[in-house]
Amino acid sequence: MSYLKTDVIVIGAGIAGLAAANSIAASGLDVTVLEARDRSGGRLDNHKFANGDIVDIGGQWLGPGQNRSYRLLAELGGSTFPMFNKGNNLFHCHEANRSYRGTIPSINPLYLAELGWLMWRFERMAAQITPDDPMSHPQAADWDSRTLHSWLQSNCISETAFDLFATGVAAVFAAEPRDISLLHALFYARSGNGWNNLLSVDGGAQQDRVVGGTASMCRALEKKMQGKVFHNQPVRSINWKARNVSVETETNEYHARIAILAVPPNQIRRLNFEPSLPADRDQLWQKMPGGTCIKCVAQYAEPFWRNEGYSGQSVAPQKTIRVTFDNTAPDSKSGLLMGFIEGDQARHWGTKSDVERRKEVLKCFAAVFGADALMPLDYVDRDWAAEPYTRGCYAALKGPGTWTSYGNLGRQPIGALHFAGTETASEWYGYIEGGLQSAERVTEEARIIFDV
Ligand SMILES: Cc1cc2nc3c(=O)[nH]c(=O)nc-3n(C[C@H](O)[C@H](O)[C@H](O)COP(=O)(O)OP(=O)(O)OC[C@H]3O[C@@H](n4cnc5c(N)ncnc54)[C@H](O)[C@@H]3O)c2cc1C
């Protein structure tokens, strides 16, 4: 086992770890990044089809308000292109299609009014939350004692409005309303500039995509670290004190003044700490499971749905794939249709074989866009709950009582250990932008310690 010494060890080469490593290194400190996988990027990754077309198989969108992300992308020499959003969207219900434009599907006016009221009410409650301190709201304890499901039950009259709101919840959280505390859902919406914003394409969180894919940002950040990012180095154990830390992988032992853990909560719990971490921190992480999502992309000779005036966006609350998008990039040589399997459906389909899942996904695409969807050139999916070193997405969820019991504990340092990652963010929790906010915070923590 070799022995290496550095100022700062960053564990995890996702967007948060790499952004933190770069800005700390820019202060003149020696920084070493340890990454378990054979690539950087974590929840950001590309898939390359045989014809060279690239698709984001993890996180893909940027939108207004995610200023750090756009700034970083520009600094790295990257650029965005607008998400394809022309033509009619489709609402698929009881095996029939209805066209609509914008975010809200065309449904019976009574249900539409109910859904509109529900969204207005949720939005108004979310607007009252202070993202830095959700517990400061006078009703925080009450809202954190309920699930989003129980709030919907007491505020919905029709099953249609419930199902449509739940489809939005699945799209945003990769979970069911019963999995999430009402307070966490409100915090999440507030931290991402509002519920409607999280659901929207133009002017919202799904507005833009990154040329070459979001993972290209991580590759560029890694390159700037000039050989200080080590792949295939899963950290197994951490021996920590107040003013120094040693970290062991299978092959090496690293020593530093501080370590920054930029890995999701469920992964931190797989590490051995000596001495053990305080009980409250471990219990907080025990209560932060990842959501469940399988991202599916079918490749066709062309985006055939566009020929019929469709945008590729659809909502189908009763199907395995509840939402779809046209993931064809301007330079794609083929048509790429993307859909998410989320929450309960992902738990179910994650247990099935690749062949069964592909068949089901194509069946869903065909139900909405016609039989042409049954004959793709190629197909790929990624079950993020099955991925070692991630085990759930889009981000960790908080069920009832978690905010009340632990507040913002997750981002407080413990001795020489500091914590980054999107799950420690107050702005855009769960998003790339949240990862970058956390990187700013730990950079500041490091600068204070080293006085640089
Ligand atoms: C399917 C999907 C769709 C999404 N869509 C969007 C979107 O459109 N827009 C958006 O902004 N966000 C989206 N997200 C969320 C976004 O990808 C994440 O918020 C962000 O990438 C998190 O970055 P991070 O650095 O905090 O964590 P991660 O990306 O999870 O990075 C953690 C890193 O730590 C490594 N690691 C784990 N354990 C160890 C260990 N023991 N030793 C060493 N290394 C370890 C992991 O391999 C990983 O590289 C999506 C995510 C997914 C999966």
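Domain bounds here come from an automatic or database domain assignment. The model is predicted.

**Stop 1: the domains.** Colour the protein chain by domain. Domain 1 is 2–42 + 214–289 + 408–450, domain 2 is 46–64 + 77–85 + 205–212 + 293–383, and domain 3 is 108–199.

**Stop 2: domain 2 against domain 3.** The centres of domain 2 and domain 3 are 26 Å apart. Now select the contact: domain 2 puts in 11 residues, and domain 3 puts in 11 residues. Stay on the domain 2 side. Strand S20 (335–342) and helix H13 (343–349) are the elements that give two or more residues to the side touching domain 3. H13 has the largest share of that side, with three residues. Colour this side of domain 2 by class: seven residues are nonpolar, one is polar and three are charged.

**Stop 3: the ligand.** Select the ligand and its shell. The shell holds 40 residues. Next, show the elements around the ligand. Helix H1 (15–25), strand S17 (293–300) and helix H16 (432–450) each bring at least two residues to the shell. Switch to colouring by class. The shell around the ligand counts 22 nonpolar, 14 polar and four charged residues.

**Stop 4: back to the domain colours.** Keep the ligand shell selected. Between which domains does the ligand lie? Domain 1 and domain 2 both give residues to the shell, so the ligand lies between them.

Key: Residues are numbered from 1 along each chain as its sequence is written. This is a predicted model: local features need pLDDT of at least 70, side-chain atom pairs count only at pLDDT 80 or more; totals for chains, interfaces and linings use all residues. A residue is near a molecule or strand if its C-beta atom, placed from the backbone, lies within 6 Å of it. Helices (H or I, at least four residues) and strands (E, at least two) are DSSP runs, numbered from the N terminus. Ala, Val, Leu, Ile, Met, Phe, Trp, Tyr, Cys and Pro count as nonpolar, Asp, Glu, Lys and Arg as charged, and the others, Gly among them, as polar. Two residues are in contact if their C-beta atoms, placed from the backbone, lie within 7 Å.
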